Structures are given as structure tokens and as C-alpha cells.
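The report below goes through selected local features and then turns to the contact between chains.

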Amino acid sequence: MTGYSNDHIASLVRPDQVHRDVYEDPDLFDLEMERIFGRSWVYVGHESQVPEPGDFFCTRVGLQPVVMSRHSDGTVYVVYNRCAHRGVKVVNEECGNAGRFMCMYHGWTYDTNGDLDFVTQSEGYPDFEFDKVEHGMGRVARWESHHGFVFANLSPDGPGLRDWLGENSDFLDDVAVSAPDGEVEVTGGVHRYLYHGNWKMQVENLIDMYHPAYSHESSSAKGGQQFSRREGDKGGIQFFEKRGKVKSMDGLGTHALPNGHTWQGGLPPVENMSEDHRAYVALLEEKHGPNRTREILIKKRHNVIFYPNMAMQELNPHIRVIRPLAVDRTEIFIYPVKLKGAPEKMFRDQLINLNRTHSPTSLVQTDDVEAFARAQEGMMTSGNEWVLLARTGPQESLESGRIRTTGTSEEGMRNHYRAWLKYMCADRPE
Amino acid sequence: MTKNNRSGDNQSALGELLFVREVEQFLFHEVSLLDDRRFEDWTDLFTEDGYYWAPAEINQPDPASGVSLFFDDVPMMRIRFARLRHPRVHSQIPPSRTSHSISNVTAKRSGTGDRVEVEARFQMLDYRPGHDQRAFGGKYQYVLSRSDAGCFRIASKKAVIINCDDVHLPVAVPF
């Protein structure tokens, strides 16, 4: 345990600034793993990654290795990836199928729901009572799913998943309904990239519509390299008007929800006349009728953040998982989301577009990663210990608890820090 | 008769040797264009419908089965490299330097002989000032075709790095 009092932690967050320690201090990072990743719902994976009994998928909650598996009864479980005996990580492949999980060290086996199955040479424990759950790999306190998106919570306390999701659960509904079969699957591989910066920089970047014209000038400005990111786009997103004046992204809007969740308004629609798109629209119309289909096709949100570790985009639908490694090292995993029942060609185009925007070799994400690493380095200076999150725009509070404001407002990031404080100081007397 | 046969054998063995040597020389030239940052010239080596593919999974069957580290057709290569020439391509200031080496080259003609299938092993060192030097390596698979002028063109180049499923810092220059 570190010696940080809640008062000290609270002093690091001002209404419009945060102290650089929140990005640079390894002790605070340890506390975040315990108090944010240990108290919040954290995205684990999608049920379609473990379709058959015995299928497993290994990931982490914070720094803790977990296994999401489909048990022989068809139910999905999330258990710690740890042998009850001597603490050895049991499952060592990222994904696969197993009848049982066997620990390499002394051969103990576990059922696909993590329960203890068999202790080798058990006559050596004459006085020890084994309980298959207590001496299993250990179930995490809670896990729940919505449209197959599985979230885990290491703490038994706090709201259930749907309450925690709030209006973000509507977004998952919208994603599911945009698939002709009414459901999505995660079967298109994964882009994995690393940056030398704090995990929160990626979270903040996702709600930052102020940076693209500058960070991504080489792939967005006139004279920069235009490329289409979706069918129907003519040459890509323009952030500049005539004479190099930056076009404001304020019109898109920023939405700040309880629990740190945030989203941006959707990009302006484009006319997509491709054969596949028409076939896709026809499939939706067959199921929902033309009016509802028109609604479904309007993308109301761009980046949607499920604070702290996941974000989704409906543009080339994909899940982004933020995986902290250390105070200054973060992994990002990008999973394409397949709209089941849609024409195959749509998914192939989606994969190609994601290669361009989200691969480690991409034309876009690489510049963000550069900004994160330079921020991590720049903040080490002692000249100014505060990071400015003071940008505002006209804003209104809605009944749902959501705040709606302009696209380049930094309200989204201030919203993250309100949640950050709530988790970090949860045991602080009111 | 025997003598003539042997001479014929030698002739064809020599022809094979010269052929593989010619392919090797082409590959050496090809990767040197990357190391010399002559990206536009590198792009021009590809046929009009040619492509460059670096899978993201070690046994990825094809670029349509999942995302890839690189999967560029010629128009995409032109966009990629024009971006690298942009004065504010922040993630490449300063730019990466690379050194490609190729070995274990095998080449076989297929079809009417205008098509050549090539396999090779490669290593690419990658250094961007201020960052640790990285070593990438793995297998190349090419399909080459001979142009009317007799030169090789690349119909496809596949580069499988052995750590393709690792978590990578940005990569700017093709393997």
C-alpha cells in the first residue's frame, strides 16, 4: 500500500486541471489498478470469442490475468488465471479449446468453469479438505454481459452492469440492431499496438476532437494524404477549409455520462451507393421496415467510451481495449466487430479500413501514439506540474444525468476525472 | 552421346543457377529501395494489381480472414508513402532507418515460365533515433512476373514476421 491519503489524491484533480502525477507516478498507477480496475466494471471480451463449450480466451483485468471460458453447460465464466495450489498461471495460450485446464506445475486440473477437478497424488493431503470452488482457479466477484459484451467486476460492491452502463447500453443495442441478424461477433482477428505512455492518454484522446487537424495533418489536410475510411467517402475526412483554416469539430458534440462514460456525436453521413450497402439496407428493411431502417442507419455516436478500459466505434465497427502495463506503458487491442448477416464484402472492406487506421503500421493511430509518448516525456519537466483540461463550450445538463456540449470541449476528460476521483477515493467519508 | 548429355545437364544446371541469381539480384534491389527510402520506386516494382501483405497472425490464411499489419494495393502504397513525405508526419520525425537482408532464396517457375514463385528468409533492422533498435525477421513469399521488357515485376509480396502477433510500437517501413 502506498501512503496516499484521499485528500492528497483529491488535490491532484482541479476543476479544469490535473496534476502530472496522475500520469507519471508509479504508486498512483498501482492504486488505479486496485481502486479503478478493481472496483469498476471492466470489459473482458465478447461471448462470440468462445462459441463452443471448452473455448477459452485469456486477457487481463487491470494487471490480473483472467480466463473467459464457455463451460460444458454452455455458460460463460470469468475466472482468475491462477492455480489454487502454488499460484501458477494455468492457461498459457491466448485462446483455444480445452476439456479441462491443467496446471503445468503439479498437474492439478480444473473444470472449464474454473472449479477444482482433480488433485494429483491427493493422498498427500490427508488432513486437508478440498472445496471445488474455494480451491478452484477462483471466480471473479461478478461478470455480466449485454449483447454478448462481457464485463467483469473484481468487487462484489457497486451497481450492476446495466446500471453502470447507463445510456451506453443503448449504444450496444444500436450496434446489435444494425446487424441484419440482430447480433454481432468478434471474429476478425486483432490489431495490437504498444505505446510508451499512460493508459489515460488513450482514453482522453478518444474524446478529443480538438487534435485531429494537428496530430493527423499528414493524413487529413489538403496536401496531406487523403484516404477513404468508409464506403461512400470521397477521399477521406477534411479538417481544413480554404486557406488552411481549421474546420471546427464542435458541431459533432461531446456527451458526458455518469461513471466516466463519454461519447462523441456521429460523423456526418455519406451517401453510399455500393451494391453491398444496398444489399445490407435491403436486409434491414426486410426486418425492420424503411422508417426504422432509416433510423438505424443514422450513426448517432462516433467514439463511445466505456470508462475505464474499452471504447467502440461504429465507423468500421470495432472494439478498442485499453490494457495498462505500467504507469508509462500501455497496450491497445483493436477487435473488428462483425455485423452478423451483413454481406461478407462489407466486413472485408471494414478489415481493410481498420488496417489503414488502427494497425501498428497505420496512417492515423501512429501519430496519436507519438503524441502520448511525447506527453509522457514532456510532463517530466518541473516548470509546470499541471495539465490543462479547461477548454469549454456551451453545455447543458440533461435529465438522464448526461451533459451535452461542443465537440472540442474538454468536458469529456473532466468527466473522466470525476469518475477517477470517485473510484480512487471511494472510501472517503462524504 | 554421354558427353553431350552431361554437357546438357551442366547447361541446365548453369541456367538454373543464373536464374536464381537473377531473382536474388532483383530481391536485393527491391529491399535496397526501402532502405534508401526510395518508396515510390519500390511501389513501381509492383504490377498494377499487385499487393503487399504482412499478416497479423502466424497462420492467417488470407487478408480477408482478419486484420493485417500491412495489406496495401498500389494506390494505398502511394498514399502511405506520400504521407511519409509530409513535413508534419509527426510519428516519423525523425524518420526510421532500416536495413533489410535476404537469404535462403528459392525460386521456381510456374505456368508458362513468366510467373516465378519465390521464397526467402529476411531480417529487417529498424531504428528511429531516440528509440531502441528493433529486429524483425521471417519469411518472404513473392509471386513475380516478367514484364514485356524482360524485367521482374511483383504481383504479390507476403512478409510473415515471426512475431507478427506481438504488441508492436509503430512500424513505418514495410518489412
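Between which strands of chain A does the loop with A:His147 lie? The loop that holds A:His147 runs between strand 11 (142-146) and strand 12 (149-153) of chain A, where strands (E, at least two residues) and helices (H or I, at least four residues) are DSSP runs numbered from the N terminus.

## Basis of the model

This is a predicted model, in which local features need pLDDT of at least 70 and side-chain atom pairs count only at pLDDT 80 or more, while totals for chains, interfaces and linings use all residues. Residues are numbered from 1 along each chain as its sequence is written, and chains are lettered from A and ligands numbered from 1 in the order in which they are written.

A:His147 is partly exposed because 18 other C-beta atoms lie within 10 Å, a count between the limits for buried (20 or more) and exposed (12 or fewer), with C-beta atoms placed from the backbone. Beyond its neighbours within four places in sequence, A:His147 is in contact (C-beta atoms, placed from the backbone, within 7 Å) with A:Leu172, A:Ala176 and A:Glu183. The C-alpha atoms of A:His147 and A:Asp173 are separated by 7.3 Å, although these residues are 26 apart along the chain.

## An open sheet in chain A

Three strands of chain A form an open antiparallel sheet in the order 8-9-10, pairing being assigned if DSSP finds at least two bridges between two strands. Strand 8 (101-102) and strand 10 (116-118) are the edge strands, each pairing on one side only. Strand 8 pairs with strand 9 (residues 109-110) over two bridges, and A:Met102 has A:Thr109 of strand 9 as its bridge partner.

## Contact between the chains

Between the chains, 23 residues of chain B are in contact with 29 residues of chain A. Strand 2 (68-73) and helix 3 (74-84) of chain B each supply at least two residues of the side that touches chain A.

Notes:
Contact = placed C-beta atoms within 7 Å.
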